[in-house]
Amino acid sequence: MATNQEGVNDVYETVFPRLWRNLCGDFLNFGYFTDECENMTEANEVLVKWIIKKLNITESSRVLEVGCGRGAYAISMAKQTGCSFVGIDILPRFIKEGKALLVEQGVQDRGDVIVGDMTELSKSLGDQKFTHVLLLGCLFYIHDQMDPFYEQLKRHCNPGTWIIAQDFTRTVPVDQIRPVMKHWRTEGETLDTATYISKIFNAGFKLQYYNNDNNDHAIRSVNYVVDGGNKMVEAGVMPKDSFTFPILRDAMEAGRILYNTFIYTE
C-alpha cells in the first residue's frame, strides 16, 4: 500500500507550484469561500476558524494533519488555540517550507511537520494518538486504499477523536469523470458518494456531519482558481497545456463531481 507519489509530484512539484502559491499563499485547499472573502487565503482562514469552532479545538487538543502540504492548517490552529500538532506529507519540499513556516508563526514549540506517506502512517507516527485529525483535500489520491487507510488511522485515534475530511466524490459512472482523474493524476477510481460514506461506517466511525459544498462555497473556489490560472497562462507564467483546472470546474458545475465535507468520530 502506497500513495501514488509520482502523481502527487507531478501536480504539486511540476504543474501547480506557482499557481497554489500565488492564489492560496501557504494553504493548499479550496477553503471556505464566503461572500466576504476576496481571495483564497482569506477563504482558507475562514475554514480554519470554522473547523476550530465546529470541532472544539482547544489548547489541550492534539491535532494530526494528514497530507499537510506546508502544514498551514495545523500551524494556524496552533497559533490561534495553543493546540499541539503533527503534520505529515509525502513531499520533502513542502515539509522544508512547513518547518520554516512554523518558526515564522512562532509555534515550533507546539508541534512539527514530517515527511511520510499517508498510507503508512504508523511508520512515521509510531504509537502517537490524536484528539483531532484533518484530512483536507488529500484522500482522493487513495480512494482505492481507503479501507486499509482507515484501519491504520484508527491506531492513532483516541476514543472520541474528531476527524474532518474534505474530499471529492462522483455522482456518475467513473468513465464519465476520467478526464478529472487525469487532471488529479490519480490511479485509483474516484468513489461515488454513497460508497465513500459506507467506508466511513464500515471502518467503525460515526458520521456526525455531511455537506455537499458544491452548493455552498466550492464552486466559488474553483472558479477563483480557474480565473487566476487563466491570467497566469496569459502572462506566460504557466504553460496553457498544463492548466487543466477548467476540466474540474466544468465537472463540478455539472454536478458530476462533488466537493464534500465529512465530520466523523471514533
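Buried means under 20% relative accessible area. The model used in these exercises is predicted.

**Exercise 1. Burial of Tyr 73**

Decide whether Tyr 73 is buried or exposed.

*Solution.* Take the relative accessibility of Tyr 73, which is 3%. Compare that with the cut-off of under 20%. Tyr 73 therefore counts as buried.

**Exercise 2. The ring pair of Phe 27 and Tyr 73**

Classify the pair formed by Phe 27 and Tyr 73, and state which parts of the chain the pair ties together.

*Solution.* Two quantities are needed: a pair of aromatic rings is described by the distance of the centres and the angle of the planes.

1. By the pairing rule, the count comes to 18 aromatic pairs.
2. For Phe 27 and Tyr 73, the ring centres lie 4.9 Å apart. Pairing requires centres within 6.5 Å.
3. The planes of Phe 27 and Tyr 73 meet at 50°. Under 30 degrees would count as stacked, and over 60 as edge-to-face. So the pair is tilted.
4. Now place the partners. Phe 27 sits in the loop between helix H2 (17-24) and helix H3 (40-54). Tyr 73 belongs to helix H4 (residues 72-81). The pair therefore ties together parts that are 46 residues apart in sequence.
5. Phe 27 has 8% relative accessibility, so Phe 27 counts as buried.

**Exercise 3. A second pair, and a cluster**

Classify the pair of Phe 243 and Phe 245, then list the members of the aromatic cluster.

*Solution.* 

1. Phe 243 and Phe 245 are 6.2 Å apart, centre to centre.
2. The angle between their planes is 35°, and the pair is tilted.
3. Phe 243 has a relative accessible area of 7% and is buried. Phe 245, at 4% relative accessibility, counts as buried.
4. One aromatic cluster is formed by Phe 30, Phe 140, Tyr 141, Phe 168, Trp 184 and Tyr 259.

**Exercise 4. The whole chain**

State what the radius of gyration of the protein chain agrees with, then describe the fold, surface and charges of the chain.

*Solution.* 

1. A compact globule of 266 residues would have a radius of gyration near 18 Å. The protein chain has 17 Å, which agrees.
2. Along the principal axes, the C-alpha atoms fill a box of roughly 45 × 40 × 35 Å.
3. The chain has 11 helices and 7 strands.
4. Buried residues make up 58% of the 266.
5. Among contacts with a separation of 6 or more, 74% join residues 24 or more positions apart.
6. The accessible surface is about 11000 Å², and carbon and sulfur atoms hold 48% of that area.
7. There are 27 positive and 35 negative side chains; the centres of the two sets lie 2 Å apart.

Note on methods:
Residues are numbered from 1 along each chain as its sequence is written. This is a predicted model: local features need pLDDT of at least 70, side-chain atom pairs count only at pLDDT 80 or more; totals for chains, interfaces and linings use all residues. Side-chain values use heavy atoms; hydrogens and water are left out. Helices (H or I, at least four residues) and strands (E, at least two) are DSSP runs, numbered from the N terminus. The radius of gyration is taken over C-alpha atoms; the globule rule is 2.2 Å times the number of residues to the power 0.38. Buried means under 20% relative accessible area, exposed over 50%, partly exposed in between (1.4 Å probe, protein chains only). Contact means heavy atoms within 4.5 Å. Accessible areas come from the Shrake-Rupley method with a 1.4 Å probe; for residues, only the protein chains shown count as cover. Lys and Arg count as positive and Asp and Glu as negative; His and the chain ends are not counted. The place of a charge is taken as NZ of Lys, CZ of Arg, CG of Asp or CD of Glu. Rings of Phe, Tyr and Trp (its six-membered ring) pair if their centres lie within 6.5 Å; planes under 30 degrees apart count as stacked, over 60 as edge-to-face and the rest as tilted.
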